[in-house]
Amino acid sequence: MSAVVIDGAAIAEELRTRVDEELHVLRLSEVRPGLGTVLAGEDPGALAYERHVRRLAEGLEYHYVHEHLPADVEVADVLATIGKLNADPRVTGVLVLRPLPSHLPEADVNAIVDPRKDIEGQHPENAGLLALGRPRFVPSTPASCFYLLDSYVRSIGEDPHAYYTGKTIVVVGRSASVGKPAQWLGLERDATVIACHSRTAAAGRLGEFTRMADVLIVAAGVRGLVTGDMVREGVIAVDVGFHVLKDEVTGRTTMVGDLDFDEVAAKAAAITPVPGGVGPVTDVWLIGNSLVAAALAARIEPRFGTDG
Ligand code: NAD
């Protein structure tokens, strides 16, 4: 079988058109989105992502505020900084960049963000709403997985509202930002969802479950974790993993994911590549969530969501 490579860049462009239309409509109602980012420390990935988000925000002429705190910042100062953004009416969405320095309690930080400005959907209220199938904000990475899947499903002439019913979706990874919300989104689509994680692998049972997948979503952060022998013929495979490899001789960098792309593609019906799969859609989804937050601040019913 030769897999369809799902083109994340093209699908992101199409989603971007929808988001731009939504922004246009909101601007007609005098809604002015604003974004506040908080970064503690000097993690290179977080710094790079902040620059990226800033460019996105500035390109859309958002009001943009960035709070950069030292790596040894006190918990109380982080919470106060987020509180300041919560209280600023020009900031309609708040994004806390990860990873946080290890002394900062992730749960406390998530819980202090105003739930109506929480564009990554990490506040317990938003996580609860999503788990109950009544999302306010769908976290951008798992939302993108399903946006890519739905787009592929439509391309083969199937209806995404019915396609997953009774199918087996296996999610590898159970983080609060990717794995768990992906599981909840799968359940909402009436799939049978199997949740695997590091202990599944430690028990030597990962392949046993991944081989059951009609749809496989891998978000483990382990390069090349899923190999050809761990999937069945015809699987639809979504690779969330993102790893930058540097060639020490040439200095050139390449990006790879959690799937052994060539081996899985040889058996799959469809597969997302790295780069150019989940990443570009995630970016646009984050902008969409920022519009939801801006609409909520203006007491307008947001239109952007999970319906594809
Ligand atoms: P995380 O470290 O918070 O969680 C990883 C999860 O994978 C955990 O639940 C863990 O139990 C599980 N896991 C670890 N090793 C495993 C193994 N050997 N077998 C099975 N499960 C295992 O990571 P995260 O934030 O969920 O991100 C996962 C990956 O996705 C990372 O590579 C990250 O860079 C990438 N990511 C990509 C995007 C994007 O937009 N493309 C966004 C977020 C994260």
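1. Phenylalanine 242 is exposed in this predicted model, because its relative accessibility is 51% and the cut-off for exposed is over 50%. The residue sits in the loop between β8 and β9 (243–246). Together with Val244 and Met255, Phe242 makes a nonpolar surface patch of about 290 Å².

2. Strand β8 also belongs to an open sheet of 6 strands, which run in the order β1-β11-β8-β7-β5-β6 with parallel pairing. Which strands stand at the edges? They are β1 (4–5) and β6 (192–196); each has a single partner strand, so one side of each is left without a neighbour in the sheet. Within the sheet, β8 (residues 236–239) and β11 (residues 270–271) pair in the parallel sense over 2 bridges.

3. Is β2 covered or exposed? It is mostly covered, with 7 of its 7 residues buried. Both faces are involved: Gly34, Gly36, Val38 and Ala40 are buried on one side, and Leu35, Thr37 and Leu39 are buried on the other.

4. Helix α2 (residues 44–59) has 16 residues and reaches 23 Å from its first C-alpha to its last, close to the expected 22 Å. Its buried residues are Ala46, Glu50, Val53, Leu56 and Ala57. They lie on the same side of α2, because they cover an arc of only 125° around the axis. The other side of α2 has Pro44, Arg55 and Gly59, which are exposed.

5. After α6 comes glycine 157, with a positive phi near 80°.

6. Some backbone angles deserve a check. Most residues other than glycine have a negative phi, and most peptide bonds are trans. Glutamate 30, which is not a glycine, has a positive phi of about 65°. It lies in the loop between α1 (8–28) and β2, and it counts as exposed because its relative accessible area is 59%. Aspartate 190 likewise has a positive phi, near 65°; this residue is in the loop between α8 (179–188) and β6.

7. Where are the cis peptide bonds? One joins arginine 98 and proline 99, with omega about 0°. Proline 99 is in the loop between β4 (93–96) and α4 (106–112). Another runs from valine 274 to proline 275, with omega near 0°, and proline 275 lies in the loop between β11 and α12.

8. Side chains of opposite charge can pair when their charged atoms come close. A search of the whole structure finds 11 salt bridges. One of them joins aspartate 20 and arginine 16, at 3.0 Å from N to O. These two are 4 residues apart in helix α1, so about one helical turn separates them. Aspartate 20 is partly exposed at 33% relative accessibility, and arginine 16 is partly exposed at 24%.

9. Arginine 136 and glutamate 125 meet at 2.9 Å, N to O; arginine 136 is in the loop between α5 (124–131) and α6, glutamate 125 is in helix α5, and the two are 11 residues apart. Aspartate 214 and arginine 232 meet at 2.6 Å, N to O. Aspartate 214 is in the loop between α10 (206–210) and β7 (215–218), and arginine 232, 18 residues away, is in the loop between β7 and β8. Aspartate 214 counts as buried because its relative accessible area is 19%, whereas arginine 232 is partly exposed at 30%.

10. Alanine 298 lies in the segment after α12 (278–297) and is partly exposed at 36% relative accessibility. Alanine 298 and serine 29 are 269 residues apart in sequence, but their C-alpha atoms are 9.0 Å apart in space.

Terms used:
Residues numbered from 1 in each chain as written. Predicted model: local features only at pLDDT ≥ 70, side-chain atom pairs only at ≥ 80, totals over all residues. Heavy atoms only, no water. Pairing = 2+ DSSP bridges. Patch = residues over 30% accessible without salt bridge, like charges linked within 9 Å, V, L, I, M, F, W, Y side chains within 5 Å. Areas by Shrake-Rupley, 256 points an atom, 1.4 Å probe, with all protein chains shown as cover. Salt bridge = Lys/Arg side-chain N within 4 Å of Asp/Glu carboxyl O. Buried < 20%, exposed > 50% of the residue type's maximum accessible area, 1.4 Å probe, protein only. Expected span 1.5 Å × (residues − 1). Arc of directions from axis to C-beta.
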